[in-house]
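Have a look at the picture, then read on.

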Amino acid sequence: MREASLKFLEELLAAPSPSGYEQPAQRVFRSYLAPFCSVTSDVMGNVFGCIEGAGENRPRVMLVGHSDEIGLQVRYVDDDGFLYFAAIGGVDPHITAGLRVHVHAAKGRLNGVIGKRPIHLMEGKDRDSVVKLEAQYIDIGATDKKEALEMVRVGDPITFAVTMERLANDRITCRGLDDKAGSFVVAEVLRRVSELPDKLAIDLYGVSSVQEEVGLRGGTTSSYTVKPDVGICVEVDFATDQPDVEKKHNGEVGLGKGAILPRGANINPVLFDLLSETAEKEQIPVQYTGIARATGTDANVMQISRGGVATALVKLPLRYMHTPVETLSLADLDSAVELLVAALKRITDKDVFVPR
Ligand SMILES: [Zn+2]
């Protein structure tokens, strides 16, 4: 991966962006795009990069990746200055206790820890059960409620205090790869398209959407705004090459083997064929899955926006989804960008996507 691109990915991941509080990440996205395409933002917090094509009757093509991440939110401060919190999105109570966190307060970032009763003091049955999220608490070092409330407000967002790290080979780990890896790919496709010698036959919109983890909300409004003929959602997917995930549940898909192209009701069959044939002709690695229902991604709301949109998903294999140690392969991001740029060159006519 290009060094400047990796630096952008690292900055995007470092920026806190729990659903509803995405603007630190959106600012990174906007400033990366600004030198090579026109950038607009909307009242929801979505960011749109646009590159116009050439020719008549250009199809409108929308790429979307969501920049919001799961996190926590301050709900209540007790008399001793401990913070109780709600989950933003699907937070697993198995992994929270004992973690360091950042509370993003008006005056700046505060360090905190999610405390836990020592194992020595736990009864047998408690050792085997999970402490519910609503019973867990954050210690920011405050000595009482008054002092804590001078530093934080109810509603402040919280992220896990981890940044991107390299693992062996080309693998990286971080919180929030779901789905800043996707909005990264969208930004890279815009950059690559802007560098092409000839304009494409489409108007291209690359969207960094918000509030996906709390109900596909930014994807819903941004699809309405862009009014695409063709939409491709770039989202992470469950890699099944970790020891405790069954291949029976999501097929045989793993890190470093390319983007995943699902088929099913949420996917326009003509657009799927275009992506699959592009991968084959350009010798770009891809993997396949079947999703026999509406997907839990922005592709779902994009497909049923207005009168319907020819929609596909390009998914990035990810281990340990919704933990602070989400892990993926950089090669899969690069090959997803290659695939999308090559596929966009092949889109010239919106009418071909009507299945017949
Ligand atoms: Zn996601």
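A residue is called buried when its relative accessible area is under 20%, exposed when that area is over 50%, and partly exposed in between. By that rule His 322 is buried, because its relative accessibility is 16%. Keep in mind that this is a predicted model.

You'll find His 322 in the loop between β16 and β17 (326-329). Why point this out? Because most residues other than glycine have a negative phi, and most peptide bonds are trans.

Arg 306 also has a positive phi, of about 50°, and it is not a glycine either. Arg 306 sits in the loop between α9 (298-303) and β16 (310-318). With a relative accessible area of 44%, Arg 306 is partly exposed.

Then there is a peptide bond to notice: the one joining Asp 178 and Asp 179 is cis, with omega about 0°. Asp 179 belongs to helix α5, which covers residues 177-194.

**Salt bridges**

Side chains of opposite charge can pair when their charged atoms come close. How many salt bridges does the structure hold? The count is 15. Here are some of them:

| Pair | Closest N and O atoms |
|---|---|
| Glu 52 and Arg 58 | 4.0 Å |
| Lys 146 and Glu 150 | 3.2 Å |
| Arg 346 and Glu 282 | 3.3 Å |

Take the pair of Arg 346 and Glu 282, whose closest N and O atoms are 3.3 Å apart. This pair links distant parts of the chain: Arg 346 is in the segment after α10 (330-345), Glu 282 is in helix α8 (residues 269-282), and they are 64 residues apart. Arg 346 is partly exposed at 33% relative accessibility, and Glu 282 is partly exposed at 40%.

Lys 146 and Glu 150 are another story. Both lie in helix α4 (residues 145-151), 4 residues apart, which is about one turn of the helix. Lys 146 is exposed, at 61% relative accessibility, while Glu 150 is partly exposed, at 46%.

Arg 58 is partly exposed, with a relative accessibility of 24%.

**A negative patch**

Which residues form a negative surface patch? They are Asp 79, Asp 80, Asp 144 and Glu 147. Asp 79 is in the loop between β4 (71-77) and β5 (83-88), and at 56% relative accessibility Asp 79 counts as exposed.

A disulfide is a covalent bond between the sulfur atoms of two cysteines. Searching the whole structure turns up 0 disulfides. For comparison, the cut-off for a disulfide is a pair of sulfur atoms within 2.5 Å.

Terms used: Residues are numbered from 1 along each chain as its sequence is written. This is a predicted model: local features need pLDDT of at least 70, side-chain atom pairs count only at pLDDT 80 or more; totals for chains, interfaces and linings use all residues. Side-chain values use heavy atoms; hydrogens and water are left out. Patches are made of residues with over 30% relative accessible area and no salt bridge: like charges are joined within 9 Å, nonpolar side chains (Val, Leu, Ile, Met, Phe, Trp, Tyr) within 5 Å. Accessible areas come from the Shrake-Rupley method with a 1.4 Å probe; for residues, only the protein chains shown count as cover. A salt bridge is a side-chain nitrogen of Lys or Arg within 4 Å of a carboxyl oxygen of Asp or Glu. Lys and Arg count as positive and Asp and Glu as negative; His and the chain ends are not counted. The place of a charge is taken as NZ of Lys, CZ of Arg, CG of Asp or CD of Glu. Helices (H or I, at least four residues) and strands (E, at least two) are DSSP runs, numbered from the N terminus. Buried means under 20% relative accessible area, exposed over 50%, partly exposed in between (1.4 Å probe, protein chains only).
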